[in-house]
Amino acid sequence: MRKLTAWVALAASALTITGCSDGSAQHGGGSGTGNQDSKSPTSAASSAAPTPRWAAVKGPPRTIPAVRGFKAADGTGWRVSKNARVVVPAGQDSPLADEARRLAADLGGLKLSWKDDARPGDVELTLSGKGKGKAAGENNAAPASTADEAYTLTARDTRLTLSAPTDTGIFNATRTVVQSVRASGGVPEGTIQDRPDRAQRGLLVDTARKHFSADWLEKRVREMADLKLNQLQLHFSDDQAFRIESSSHPEIVSSDHLTKAQVRHLVKLARELHITVIPEIDSPGHLGAVIDKHPELQLRSAAGTSQRGAIDISQPKAARIVDDLLREYAELFAEEGVPGPRWHLGGDEYRALTVKSPGATYPQLARAATKKYGANATVQDLTTGWLNDREKTLRKAGVQHVEAWNDGFHDSKVVTPDRDRTVAYWTGKEIGAREPVTYLKEGRTVVNLNDEYLYYVLGQPNDFTYPTGERIYKEWTPAVVRGSKAVPASLAGPDRIPGARFGVWCDLAQSQTTDQVARGIRLPLAALSQKVWDPRKPSLSWTDFKARAATVAPAR
């Protein structure tokens, strides 16, 4: 905020207002006769207001992600001026009221008007009437498609007009205004038409292995909003810790954790910034924190050996505890009483399926499979059924979209994964790995979390290296789901691969401080935002992109 305020102060100090004694306005640097320009607003308020005069804003707009369409026009553009206001003709009870207040604050404390009285120097926010469904009329409703996130931004005759089908689109437009002011002191004359290529654009944070404070997470949410990223996945349960307060099973919660009040505040802030928080309780593996307090649920082989974090899914109590937690947190992560639209089931790296003969090694699982699903059922079927049952619990709690890691989709013959479950593809290194294209040909939606480009693993174990913004910017696209090879273009459209998330994993938690993590992921997030917003090859060199990021998306 300090950097933007400095830009606003600089713009205001350079601004002069000219006008005739009768209140009619002169335009630009001309001598003027008191006659109104034919392009100017015609309302009484507009005619009486003096027209601000300033040095032309040089274009095109400088933002991250870059705007996808800009048609320049002759004129001086728009700058923050002394008497500028943010105007919402629909009034302070409209879905745009919070966007107006935020923009006014971001631009240094502009005044607000809830009337249809925009005048020279003002910013006007309007809904276009083209939105569909709940997102068009409700405040901060989740967009149904990228069309709901589109916007048109016009700088004309010292006025700025933001129009969109939903308040999400208006929010995106306000981020463009704020970034353009940071970079250029204003918005150049002309029209911006912009929308994202991919609907899902986000960050994953492993808070289980390393505790991140509520303040740290809130800063990341604000940083994401600057970049028009719209999803935050929280992996808050694993072998090392369970990081959110629980009333159903308080015994499993680690000493360093987020309170429910902090989570509610984070979810509320994220919703206001048009970001969806996606909770993840990973099962049936990665449950070490639960097993520590319920050791009877530990999966053990016929020889008596155990695998860290693997729960024995043949035991009914295992399902009861996990379902308790799923129901509790579905309510906790609700947005204004409505269950969060998305949930991640985990499903990866279940140790029972990493051995050569799962049925012989874990006979209790084989018996449970045949008992529940018939004589031909295997441990793979039992594990698939486990995730299906957990998904049923979530859907009964109101969750709309469920996903799991790609190695949570097993080669099971009797039981198949729910058809609507999204594949979160992260690696092709697991036993029995399947190429992304196989899921796409099955008709599944695949979200890209490619561990080659999008995994920031603390301490860099197991041949991981810290990903760089430069490599993402130059090499990666949403179609590059596994390794460095893109899937066929026919399977890579936004309807099949709706987006990507950048993952922070804390395997060696003490390798970096939380501040170091924040610095390390800043440029990769900026690069990701560019590549999921605009499908075209970036026009800037990496050096220029990096310099722009320092200006328009400063560290928080």
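Modeller: Start with His 410, which lies in the loop between β18 and β19. Bear in mind that this is a predicted model.

Colleague: Is His 410 buried or exposed?

Modeller: The test is a cut-off: buried means under 20% relative accessible area. His 410 has a relative accessible area of 11%, so it is buried.

Colleague: Which residues does His 410 touch?

Modeller: Leaving out residues up to four places away in sequence, His 410 touches Gly 347, Leu 353, Gln 380, Thr 383 and Thr 384.

Colleague: How do I read an aromatic pair, and how many does the structure hold?

Modeller: Look at the distance between ring centres and the angle between planes; planes over 60 degrees apart count as edge-to-face, and those under 30 as stacked, with the rest tilted. The structure holds 17 aromatic pairs. In one of them, Phe 212 and Trp 216 have ring centres 4.3 Å apart and planes at 40°, so that pair is tilted. Both Phe 212 and Trp 216 are buried. Phe 409 and Tyr 439, by contrast, are edge-to-face, at 5.8 Å centre to centre with 75° between the planes.

Colleague: Which parts of the chain does the pair of Phe 409 and Tyr 439 link?

Modeller: Distant ones: Phe 409 is in the loop between β18 (401-405) and β19 (422-425), and Tyr 439 is in helix α13 (residues 436-441), 30 residues apart. Phe 409 and Tyr 439 are both buried. The ring of Phe 409 also has the charged end of Arg 421 over it, 5.9 Å from its centre. Another charge over a ring is Lys 228, which lies over the face of Trp 533 at 5.5 Å from the ring centre.

Colleague: Which residues form an aromatic cluster?

Modeller: Trp 405, Trp 426, Tyr 455, Phe 464 and Trp 505 form one.

Colleague: What should I look for in a nonpolar core?

Modeller: In soluble globular proteins, nonpolar side chains tend to be buried together. Here the largest nonpolar core has 105 residues, and Tyr 329, Phe 333 and Phe 502 touch the most other members. Apart from residues up to four places away in sequence, Phe 502 touches several residues, including Leu 203, Tyr 453, Pro 467, Ile 521, Pro 524 and Leu 528. A second, separate core of 29 residues includes Val 123, Leu 153, Ala 155 and Ile 192.

Colleague: What are the totals for the protein chain?

Modeller: The secondary structure comes to 16 helices and 22 strands. Of the 556 residues, 57% count as buried. Among contacts between residues at least 6 apart in sequence, 75% join residues at least 24 apart.

Technical notes
Residues are numbered from 1 along each chain as its sequence is written. This is a predicted model: local features need pLDDT of at least 70, side-chain atom pairs count only at pLDDT 80 or more; totals for chains, interfaces and linings use all residues. Side-chain values use heavy atoms; hydrogens and water are left out. A nonpolar core is a set of buried Ala, Val, Leu, Ile, Met, Phe, Trp, Tyr and Cys residues joined through side-chain atoms within 4.5 Å. Buried means under 20% relative accessible area, exposed over 50%, partly exposed in between (1.4 Å probe, protein chains only). Contact means heavy atoms within 4.5 Å. Rings of Phe, Tyr and Trp (its six-membered ring) pair if their centres lie within 6.5 Å; planes under 30 degrees apart count as stacked, over 60 as edge-to-face and the rest as tilted. Helices (H or I, at least four residues) and strands (E, at least two) are DSSP runs, numbered from the N terminus. A charge sits over a ring if NZ of Lys or CZ of Arg is within 6 Å of the ring centre and within 35 degrees of the ring normal.
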